[in-house]
Amino acid sequence: MTAVTQPDGIVMNDVSATRNAPVDDDVRRAFVEGARAQVPMAVGVAPFGFAIGAAVGASNVPVFAGWLGAPLIMAGAAQLTAVEMLDAGAAPLMIVVSALVINARIMMYSAATAPWFRDEPMRRRLLLALPLIDQLYLVNVARFEQGDLGRRERQAHWVGGALVLCGTWVTSQTVAIFFGAGLPESFGLDLAAPLALVGLLAMSVKERPAIAAAAVAGLVAVVGVGLPFRAGVLVAAMSGVVAGLYAGDSPPKEAS
Amino acid sequence: MTAFVVIGAIGLGTYAMRASMFVLVGARPLPARLDDASRLVGPAAVAALVATMTFSHAGSIDPRPAPELVAIAVGYMAVRRTGNVVYSFVAGLPTLWVLTALMG
């Protein structure tokens, strides 16, 4: 397989150069690897899905409308906010704006993921964008950066992970909403989502710019909790990125 | 009916965000500065989400109880030490159960 380094440093393996090689095995392997990589994420996603399903079931929101949020929104914090605000009788426009502000971080994930699929036809890129969410982005981009996956393997890795993640998400909510899965509170499963995310955070903050980005974002998120339209997460994420860029520009202090 | 429209609008808007850069970036390489920034999006956004989920509830500051805060910290340290995200649960949830039992 011929490795081609793109101008922005992304290594693209030229699969066409090895058209007769057993690419299908590589693709299959990448699919399975991508699916397996999301299993630990699914362990965290399932209880979060149960919790949101239970919240939908306990609210006055029509059950089917609440359930549709699982496949259509595919983002827990925004879906939960929408259900809570619908239940509280908030203005529809305010609910939509609040949920979209919470989800605005996804646009940043989109910017970070898009270069890895830039050579795909538009229709395929539109399909690949469908499941983009925190866990899928973080796990896949970290894997892609190792530089040994070709175009088709990257897609397979992405799709394998998406099926596990989205399948778990929709199934867990469906079970909780329609079959009333009552999980004992003492299990502490509402802690599953923060635990899953904190695990991802621990994996992704290894260098100074990332540490600075995470620290500033966390601090600003707490300070910005009361911001209108729940804009705290977006403002915090943007502040963190700026801080991380600054930390990357300034030379590290020498140990004395 | 309102609920269906609201959920549908959020779904459409969220998909537009997901697809936005997949459409705009196309075959063009990202400028170097934007490429640097894109590598910081994950840590920043996830830290913001974790902080919000940990220290607030329904739009106001409301930290989780102490056992949960300790469990989250233990989960973080376990993953740092092992390099495996599963240990966030393996260490975090039992910590929560033990502390909750001890504190009544």
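Modeller: Two residues are said to be in contact if their C-beta atoms, placed from the backbone, lie within 7 Å. Please keep in mind that this is a predicted model. By that cut-off, 66 residues of chain B are in contact with 83 residues of chain A.

Biologist: Which elements of chain B supply the side that touches chain A?

Modeller: At least two residues each come from α1 (2–25), α2 (32–55), β2 (60–61), α3 (66–82) and α4 (86–103) of chain B.

Biologist: How many residues on that side of chain B are nonpolar, polar or charged?

Modeller: The side of chain B that touches chain A divides into 44 nonpolar, 17 polar and five charged residues. Gly is counted among the polar residues in this scheme.

Biologist: Why is chain B called more spread out than a compact globule?

Modeller: Chain B has four helices and two strands, and along the sequence they follow the pattern α-α-β-β-α-α. The globule rule gives 13 Å for 104 residues, whereas the radius of gyration of chain B is 19 Å, well over that value, so chain B is more spread out than a compact globule. Along the principal axes, the C-alpha atoms of chain B fill a box of roughly 55 × 45 × 25 Å. Buried residues make up 47% of the 104 residues in chain B.

Biologist: What makes α2(A) and α9(A) roughly parallel?

Modeller: The axes of α2 (residues 39–58) and α9 (residues 151–178) of chain A cross at roughly 30° and come within 7 Å. Angles under 35 degrees count as roughly parallel, and therefore α2(A) is roughly parallel to α9(A). The crossing of these two helices, α2(A) and α9(A), is right-handed. Among the residues making the contact are Gly49(A), Phe50(A) and Gly53(A) of α2(A), together with Trp169(A), Ser172(A) and Ala176(A) of α9(A). By class, the contact of α2(A) with α9(A) has 15 nonpolar, six polar and no charged residues.

Biologist: How do you know that α3(A) and α1(B) are also described as roughly parallel?

Modeller: The axes of α3 (residues 63–73) of chain A and α1(B) cross at roughly 5° and come within 9 Å. With the cut-off for roughly parallel set at under 35 degrees, that angle makes α3(A) roughly parallel to α1(B). The residues in this contact include Leu68(A) and Leu72(A) of α3(A), and Phe4(B), Ile7(B) and Gly11(B) of α1(B). The contact of α3(A) with α1(B) divides into eight nonpolar, four polar and no charged residues.

Biologist: How do α11(A) and α2(B) cross, and at what angle?

Modeller: The axes of α11 (residues 208–223) of chain A and α2(B) come within 7 Å and cross at roughly 30°, and the crossing is right-handed. Residues that meet here include Ala213(A), Ala217(A) and Gly218(A) in α11(A), and Ala44(B), Ala47(B) and Ala51(B) in α2(B). Of the residues in the contact of α11(A) with α2(B), 15 are nonpolar, two are polar and none is charged.

Biologist: Why is Met74(A) called buried?

Modeller: A residue is buried if 20 or more other C-beta atoms lie within 10 Å of its own. Met74(A) has 25 other C-beta atoms within 10 Å, and therefore Met74(A) is buried. Met74(A) is found in the loop between α3 and α4 (76–87) of chain A.

Biologist: What is the phi of Met74(A)?

Modeller: Phi of Met74(A) is near 50°, a positive value in a residue other than glycine. Most residues other than glycine have a negative phi.

Definitions and conventions:
Residues numbered from 1 in each chain as written. Chains lettered and ligands numbered in written order. Predicted model: local features only at pLDDT ≥ 70, side-chain atom pairs only at ≥ 80, totals over all residues. Rg over C-alpha atoms; globule rule 2.2 N^0.38 Å. Buried ≥ 20, exposed ≤ 12 C-beta atoms within 10 Å, placed from the backbone. Axes fitted to C-alpha atoms, helices over the stretch in contact; angles between N-to-C directions. Parallel < 35°, antiparallel > 145°, perpendicular 65-115°, else oblique. Left-handed = near helix turned anticlockwise from the far one by under 90°.
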